[in-house]
Amino acid sequence: MDKQIIFEDEHIRAIFLPGDSNTLVLSFGDLITRASGLSINAEKSLIKYQYNVIGVMPKQKSWFPQASMVELAKAISPILEGFKNIVGYGGSMGGYAAIKYSNLLNMNRVIAFVPQYSIDPEHVEDRRYAEFFDSVANKDMQIQPQDVDAAREYVIVYDPYFSIDREHYLKIKELLPSLHTIHLPFTGHEALSVLASSSLLHDFIEHDFDEIYFYQQVRKVKKQSKFYFRNVLAHVLTQHDEMLLKILRQNDFQLDERYFDIPLKQAITRSLIKTNQATELDFQKLGIKVQRIQEDANYKEGLQTSFGLILVFNLINSKFESYTVDTLLANKSYLVPIVAEQTGVVNIELNNEIYLLAMNDRKVIKLFKSEEPLTSDMSPFLIKKYSDCFAISYKQLNLSCDEQGLCEFTEGSIQPTEQLTTISY
C-alpha cells in the first residue's frame, strides 16, 4: 500500500506508511522537516527496515498543539490498536512531541533528541523559540506528569555542556520515571544531525537498552559525522589553539573546502596561525586553500592597534586581522603587515610586487597589481594620516580592531579601536 494522509488540520499532517514489521514508529518532524507533500521524517532509514510508520509532520512552527494531537489520536486509534510495539521518535520540536504525547498515543519507547520541555517564556529561560509560542494554541503545553508513565521507556540524547538544552533536559528528567540518557558532548543542538544513521536508528527502536552497547554504537557513528567534527572544532577553538593542531596531527583526513562556513573557517585559520607551528599541510587537511604565500619576507615595521597587536593582511582568508609580533614573525608566509607613512591607498608588498587592496559591498577583498585596473564593483581602501594616528577606511566605514585581533568596518567618527600607530620591531 502506498503512503496516504490519514489526518490533517491547520497545524499537523499525519502520513501512514505501511510496512512488514511488527513495530509501528511514530516519527515526528521538527522546524526543518515540516510537512511537505507525503514526506516523513527519517523516511529512508525507516523504510530500510520495513517499519510501519506514521509521520506526524508539523505544518507550522506551533509545537504540536494539544487540540490537534487529541484529534489525531482519535483518527489513528484503529492503527494504534493493531500494534503492541509503538515507538516515538523525533528531535527538538519532534522530540518534545514524542515525550509529551507518549501516553496519548500509547508508545512503548520514546527516542527524543534535544527535546524541549516547553517554549512558553513563563516556563523556561530559553528564548530561541519564544516567538512561536501562542498562548491559546500552546496553553499548558509543558510536559506534565499525566503525559508520561513508568511503563514506558524514554531515551533522551543531548549535549550536557549546551546550557540551553540542558535546562529543558533537567525539567523533563524530573518527570520521567524510566529515563535513559545518552550524552553527546560538543554537539550543541545538532545531536540528530550528528547521529543520522539507519543502523543506529534501528538500534534505538529495537535494541534493549544497554548503556555500554549504545555508547559504542554512538561513538562509531559520530566519528564518521562531519557535523560532530565541525562542532568539536568549534568548541576546541574557544578552549585551546594547540588542541586543534594536535587533532590535525593525530588524524589522517582531508576535508572539502566547503566543509566550514566563512566565520568558522576564519576562526580555525586564526587558531592555527596563533600556534606559531602550523604548516600548509595542516590548512589543506581542513580544506583551507593557501593560494598565496609570501617568500623571504623581512618585516621591520607596521601599524599597531589600540590593543598593541600588529595589523596584517591574512593571505589565507583575505582579511584584515591583528596579531602579536611573535605570531607575525612565525607566520611570515601568510601574514603581511600593513605599512603606512602618509595618506593614500592601502597596498602591500608581496614577493617584491606591490598590490593594491580593494573591497566590494559584499565585503570580499581582492588584490590588484599596482598597474592593474580595478573591476567596477571594487573600491580601494584608503589610509588616512592624522596628527596622532592613522586610520583605514572603505567608503564611509572605518576599520576597527578588537583585543582578540578581529577587524571589521564600522560607521561613525573615528574611535580608539580604529586608531593605528606606527611601530618598529
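Visitor: What should I know before we start?

Guide: This is a predicted model, where local features need pLDDT of at least 70, side-chain atom pairs count only at pLDDT 80 or more, and totals for chains, interfaces and linings use all residues. Residues are numbered from 1 along each chain as its sequence is written, and side-chain values use heavy atoms, with hydrogens and water left out.

Visitor: What makes α6 roughly antiparallel to α7?

Guide: Helix α6 (residues 198–206) and helix α7 (residues 211–223) pack at about 160°, with their axes 10 Å apart. Axes here are lines fitted to C-alpha atoms, for helices over the stretch in contact, and angles run from 0 to 180 degrees between N-to-C directions. Under 35 degrees counts as roughly parallel, over 145 as roughly antiparallel, 65 to 115 as roughly perpendicular, and the rest as oblique. So α6 ends up roughly antiparallel to α7. The helices themselves are DSSP runs (H or I, at least four residues), strands are runs of E of at least two, and both are numbered from the N terminus.

Visitor: Which residues of α6 and α7 meet?

Guide: From α6 you get Leu 200, Asp 203 and Phe 204, and from α7 Tyr 213, Phe 214, Gln 217, Val 218 and Val 221. Contact means heavy atoms within 4.5 Å. Sorted by class, this contact has 6 nonpolar, 1 polar and 1 charged residues. For the classes, Ala, Val, Leu, Ile, Met, Phe, Trp, Tyr, Cys and Pro count as nonpolar, Asp, Glu, Lys and Arg as charged, and the others, Gly among them, as polar.

Visitor: Which residues of α6 are buried, and what covers them?

Guide: Leu 200, Leu 201, Asp 203, Phe 204 and Ile 205 are buried. Buried means under 20% relative accessible area, exposed means over 50%, and partly exposed is in between (1.4 Å probe, protein chains only). Their cover includes β3 (23–28), α1 (43–48), β5 (85–91), β6 (109–113), β7 (153–158) and α7.

Visitor: How do you know how α9 and α10 are oriented to each other?

Guide: The axes of helix α9 (residues 241–250) and helix α10 (residues 262–274) come within 8 Å and cross at roughly 95°. That angle falls in the perpendicular range, so α9 and α10 are roughly perpendicular to each other. In this contact, Asp 241, Leu 244, Leu 245 and Leu 248 of α9 meet Ile 268, Ser 271, Leu 272 and Lys 274 of α10. By class, that gives 5 nonpolar, 1 polar and 2 charged residues.

Visitor: How many aromatic pairs does the structure hold?

Guide: There are 18 aromatic pairs. Rings of Phe, Tyr and Trp (its six-membered ring) pair if their centres lie within 6.5 Å; planes under 30 degrees apart count as stacked, over 60 as edge-to-face and the rest as tilted. Ring pairs also link Tyr 89, Phe 113, Phe 204, Phe 209, Tyr 213 and Phe 214 into a cluster.

Visitor: Why is the pair of Tyr 161 and Phe 186 called stacked?

Guide: Tyr 161 and Phe 186 sit 5.5 Å centre to centre with 15° between the planes, and that makes the pair stacked. Tyr 161 is in the loop between β7 and α4 (163–173), while Phe 186 is in the loop between β8 (179–183) and α5 (191–194), 25 residues apart. With 57% relative accessible area, Tyr 161 is exposed, whereas Phe 186 has 28% and is partly exposed.

Visitor: What makes the pair of Tyr 394 and Phe 409 edge-to-face?

Guide: Their ring centres are 6.4 Å apart and their planes are at 65°, so the pair is edge-to-face. Tyr 394 belongs to strand β19 (residues 390–394) and Phe 409 to strand β21 (residues 407–411), 15 residues apart. Tyr 394 has 3% relative accessible area, so it counts as buried. Phe 409 has 14% and is buried too.

Visitor: What stands out about phi at Ser 92?

Guide: Most residues other than glycine have a negative phi. Ser 92 has a positive phi of about 60° although it is not a glycine. You'll find Ser 92 in the loop between β5 and α3 (93–100). At 9% relative accessibility, Ser 92 counts as buried.
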